[in-house]
Amino acid sequence: MSATAGESEEFAVRDVINRTLGEEMERDDRVYIQGIDVSGRGGTSNILKGLDDRFGTDRVRNTPISEVSMVGSALGAAATGMRPVVEVMYCGFLGVAGDQLLNQVAKMRYMFGGELDLPMVIRTKNVMGANAAAQHSQALHHWLAAIPGLKVVCTSTPADTKGLLKAAVRSDDPVMVFEHGGVYNRKAPVPTEDYQYEIGKAAIERRGEDVTVVATQNQLWNALEAAERLASDGISVEVVNPRTISPLDTETIVESARKTGRCVVVDDTPLSYGTQSQLSAVISEGAFWDLDLPVKRLGVDNVPIPFSPTLEDEIIPGTDEIVDEILDLA
């Protein structure tokens with residue numbers, strides 16, 4: 001996994017989120033957290049556990065079960081100088097705050113002629129493979145990425161979780177941070193220094209020569225596993241982590257596709273109108289004359305995620321499916 005040079009410690013993604021928000025609240029007393037049960041329980045998946053003991057309930061605030069009020073009040077606070085971090089438990093609940101997100105948060109800086117900063121973060125999570133049924137199992141980063149005025153990042157590794165979350169909290173623009181329930185317990189080295197990853201900059205997580213795989217969140221880990229498996233067969237796979245969906249680092253992605261001439265994109269959004277379509281279009285436009293074969297796309301089937309574990313497993317791609325797509329191209 002990519003990281004900055006220097007000392008590092010191994011942490012799980014869930015611990016990195018807690019530590020990073022704690023560091024940012026220590027650094028800047030305008031940073032505060034609000035959401036459902038963020039104090040006491042520690043929010044969804046208990047990730048924020050203990051922050052209320054450190055910073056008090058004025059800065060780790062429980063809210064009513066009302067996403068529209070959570071996002072709307074954070075918007076007002078950001079516009080008047082605070083730096084709120086809102087937790088929306090599952091990305092499917094973003095729809096409840098739809099007008100605040102689409103018509104207020106995304107447009108206010110534009111409508112004020114760029115004179116108003118909106119330093120607010122909305123954390124939420126994509127979920128796949130947890131047998132949590134349709135309303136709690138989906139990925140929606142592609143939906144928000146289609147709205148001009150919002151920055152959208154997708155965290156995948158412990159190192160990029162720290163770097164991207166710090167960048168989001170320190171940004172003067174609204175940033176949507178999509179986490180993924182499937183990577184919360186993934187562990188890897190995290191630099192101990194204070195650092196940010198640029199919003200809009202992708203990472204090459206593994207160098208390769210034969211095929212490029214562009215993969216996000218849990219699918220990034222599956223892609224790295226597929227690359228490792230195929231290495232013993234003499235197939236060299238390059239794995240690219242976009243890190244941010246809007247803005248998208250087209251330069252790094254296209255450059256990798258030009259080098260290998262073969263490309264697979266994989267993401268947990270549905271194939272119809274999903275992130276894969278944008279990635280595929282960008283690669284095809286930028287690397288058309290260097291591609292040996294058309295870009296392959298992998299995603300979930302175009303159905304609500306089933307509660308049945310058997311059916312859910314059937315529609316979500318994993319390492320085996322990524323291996324098969326690479327072999328089709330190699």
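# Close-up views of a predicted model

Aspartate 324 counts as partly exposed because its relative accessibility is 45%, which lies between the 20% limit for buried and the 50% limit for exposed. The model shown in this and the other views is predicted, not determined by experiment. Aspartate 324 sits in helix α12. Two helices, α11 (309–315) and α12 (319–329), each supply at least two residues of the patch.

**The largest nonpolar core.** A set of 31 residues makes up the largest nonpolar core of the model. Leu94, Leu101, Met120, Ile122, Leu144, Met176 and Phe178 have the most contacts inside this core. Helices and strands contribute to it: α3 (67–79), α4 (98–105), β6 (151–154) and β7 (175–180) each supply at least two residues. Which element gives the most to this core? Helix α3 does, with 5 residues.

**Serine 69 in helix α3, and its distance from threonine 216.** Serine 69 has its place in helix α3. Its relative accessible area is 29%, so serine 69 is classed as partly exposed. How far apart in space are serine 69 and threonine 216? Their C-alpha atoms are 30 Å apart, and in sequence the two residues are separated by 147 residues.

**A buried salt bridge between glutamate 24 and lysine 166.** Glutamate 24 and lysine 166 form a salt bridge in which the closest N and O atoms are 2.8 Å apart. The pair joins distant parts of the chain, with glutamate 24 in helix α1 (residues 13–27) and lysine 166 in helix α7 (residues 158–170), 142 residues apart. Are these two residues buried or exposed? Glutamate 24 counts as buried because its relative accessibility is 1%, under the 20% limit. Lysine 166 is also buried, since its value is 0%. In the model as a whole, the count of salt bridges comes to 24.

**A salt bridge between aspartate 292 and arginine 262.** The side chains of aspartate 292 and arginine 262 meet in a salt bridge, with 3.1 Å from N to O. This pair also links distant parts of the chain, 30 residues apart. Aspartate 292 is in the loop between α10 and β14 (296–300), while arginine 262 is in the loop between α9 and β13. Arginine 262 counts as partly exposed because its relative accessibility is 23%.

**A salt bridge between arginine 109 and aspartate 117.** In this pair, the closest N and O atoms of arginine 109 and aspartate 117 are 2.9 Å apart. Arginine 109 has a relative accessible area of 23% and is therefore partly exposed. Aspartate 117, at 37% relative accessibility, is likewise partly exposed.

**A nonpolar patch on the surface.** Tyr110, Met111 and Phe112 make a nonpolar surface patch of about 440 Å². Tyrosine 110 is placed in helix α5 (residues 108–111). Why is tyrosine 110 classed as exposed? Its relative accessible area is 73%, which is over the 50% limit for that class.

**Arginine 243, a buried residue with positive phi.** The phi angle of arginine 243 is near 65°, a positive value in a residue that is not glycine. Arginine 243 lies in the loop between β11 (237–241) and β12. It counts as buried because its relative accessibility is 7%.

**Serine 246 and proline 247, joined by a cis peptide bond.** The peptide bond between serine 246 and proline 247 is cis, with omega at about 5°. Proline 247 is found in the loop between β12 (244–246) and α9 (250–260).

Tyrosine 273 is not a glycine, yet its phi is positive, at about 65°. Where does tyrosine 273 lie? Its place is the loop between β13 (263–270) and α10 (275–287). Tyrosine 273 counts as exposed because its relative accessibility is 76%.

Key. Residues are numbered from 1 along each chain as its sequence is written. This is a predicted model: local features need pLDDT of at least 70, side-chain atom pairs count only at pLDDT 80 or more; totals for chains, interfaces and linings use all residues. Side-chain values use heavy atoms; hydrogens and water are left out. Helices (H or I, at least four residues) and strands (E, at least two) are DSSP runs, numbered from the N terminus. Buried means under 20% relative accessible area, exposed over 50%, partly exposed in between (1.4 Å probe, protein chains only). A nonpolar core is a set of buried Ala, Val, Leu, Ile, Met, Phe, Trp, Tyr and Cys residues joined through side-chain atoms within 4.5 Å. A salt bridge is a side-chain nitrogen of Lys or Arg within 4 Å of a carboxyl oxygen of Asp or Glu. Patches are made of residues with over 30% relative accessible area and no salt bridge: like charges are joined within 9 Å, nonpolar side chains (Val, Leu, Ile, Met, Phe, Trp, Tyr) within 5 Å. Accessible areas come from the Shrake-Rupley method with a 1.4 Å probe; for residues, only the protein chains shown count as cover.
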